[in-house]
Amino acid sequence: MFEVFKKELKELLRDKKTLIFIVALPVAIFPLLFAVMAFISSQATLEAEQKVHTYAIINGEYAQSFTDKVFYHKSFQLYKGDHTFNTVAELTEAVKAGTIDMGIFLPADAKQNLDDAKQSQWQVVYNDAKAINFLFDRVKELAEEFGNKLRAEKLLSYGVSVEQQSAIIDPIKVVKVDTADKRENLGEKIGGFIPYLLLPLVLMGATYPAIDLGAGEKERGTLETLLLTPITRTQLVLGKFITLLAASIATTTITVLSMGVWISIAISFIDLDVIKTAFSSLRVLDLALIFIILLPVAAIFSSLALAISIYARSFKEAQNYMTPLSMGVIFPIIVALLPNVELTAKTAFIPVTNVALAIKEIIKGTIDYTLLGLIFLATVIVAGALLAFCVKWFNKEEVLFR
């Protein structure tokens, strides 16, 4: 068995393409993904913040101070065309046609409405289809400033002092006392995406070598030679399995270490105190727990990938079969990302989903070690069952010589 392992390992180390997927990709994937995501999101946000929008306003004279603030705002530029707008419908058509980016309609004198005990309704016409859009928020902020000023003046005319106004307008102030620390809050938001990166890489570390160890042997015609050697088929398949497991564990190790190294590097360059505080509390023990919980998962992926590769007639056919396997792994990870899906005694026995939830809890710093033990035990049992199936599968003539 170990002779087979040494033989397969030597061939694996000679394959540069496989080494790229096992070593280079896990090292590069985290900085590359995070850098690209951060760059794209920052550029999109910066572009949205710096963009100057053309606007038109109807009845602006009813709120001159508000109109002046919009006019002098760095994000807005008054429409200077020949067309005159009189209704909300005309503003809507102009926004759709791209003539203006935004239209503001003031229906009446806000001061007079306040005197008549009526609420003045202002309408902002714009296209809200874009994900990053500051138009409405900025106009609303300026309008609220104008409204607050009118309210303060009115209350003062009734003899209500500035100090009394806050108590009258907002008699009850609800203050949030969050029991979760910064790490738990941030871990809840982004912790679910870490297994979305980790688990596919672990799978990749097993699938690519597996294709060569099973279907590759068939295609090269060397499988028959191996079967003639004085070792049992069980020893032969176990030797191949250990090779795959070693490759997958190597990918797991490199991936976890890469994650830890790049997070520590990112912390030293990031100016956000919240992110620094959250990730600086991520201990070596947490990374070790993530590594340990991934080990039986690597065994599961190795068994499945080897069984599929043994069944395939050719290298290309094996690659085609690996695609459904990848989709089958992604689906339970997505389940772990769904709202209100938490790690419980029930979810601890759902393969792959349990590991994804456990990694999320480890990153949050709220892992229940009893549930972690259950997950490890359940994953080991599944891995053992799949390995037994793989051995039995390899002993079938109709599978080996399809």
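## Aromatic pairs

Rings of Phe, Tyr and Trp, the last represented by its six-membered ring, are taken to pair if their centres lie within 6.5 Å. In this predicted model, the structure holds 9 aromatic pairs. One of them is formed by F66 and W122, whose rings are 4.8 Å apart centre to centre with 55° between the planes, a tilted arrangement. This pair joins distant parts of the chain, since F66 belongs to helix α3 (residues 64-72) while W122 sits in the loop between α5 (110-115) and β4 (123-126), 56 residues apart. F66 has a relative accessible area of 1% and is therefore buried.

W122 also pairs with F146: the ring centres are 5.7 Å apart and the planes lie at 35°, so this pair is tilted. Here too distant parts of the chain are linked, with W122 in the loop between α5 and β4 and F146 in helix α6 (residues 135-157), 24 residues apart. F146 counts as buried because its relative accessibility is 9%, the cut-off for that class being under 20%.

## A ring cluster

Ring pairs also connect Y311, Y321, F389 and W393 into a cluster.

## A nonpolar surface patch

Helices α9 (193-220) and α14 (315-337) each contribute at least two residues to the nonpolar patch.

With a relative accessible area of 32%, I190 is partly exposed, and it can belong to the patch because patch residues need over 30% relative accessible area.

Note on methods: Residues are numbered from 1 along each chain as its sequence is written. This is a predicted model: local features need pLDDT of at least 70, side-chain atom pairs count only at pLDDT 80 or more; totals for chains, interfaces and linings use all residues. Side-chain values use heavy atoms; hydrogens and water are left out. Helices (H or I, at least four residues) and strands (E, at least two) are DSSP runs, numbered from the N terminus. Buried means under 20% relative accessible area, exposed over 50%, partly exposed in between (1.4 Å probe, protein chains only). Rings of Phe, Tyr and Trp (its six-membered ring) pair if their centres lie within 6.5 Å; planes under 30 degrees apart count as stacked, over 60 as edge-to-face and the rest as tilted.
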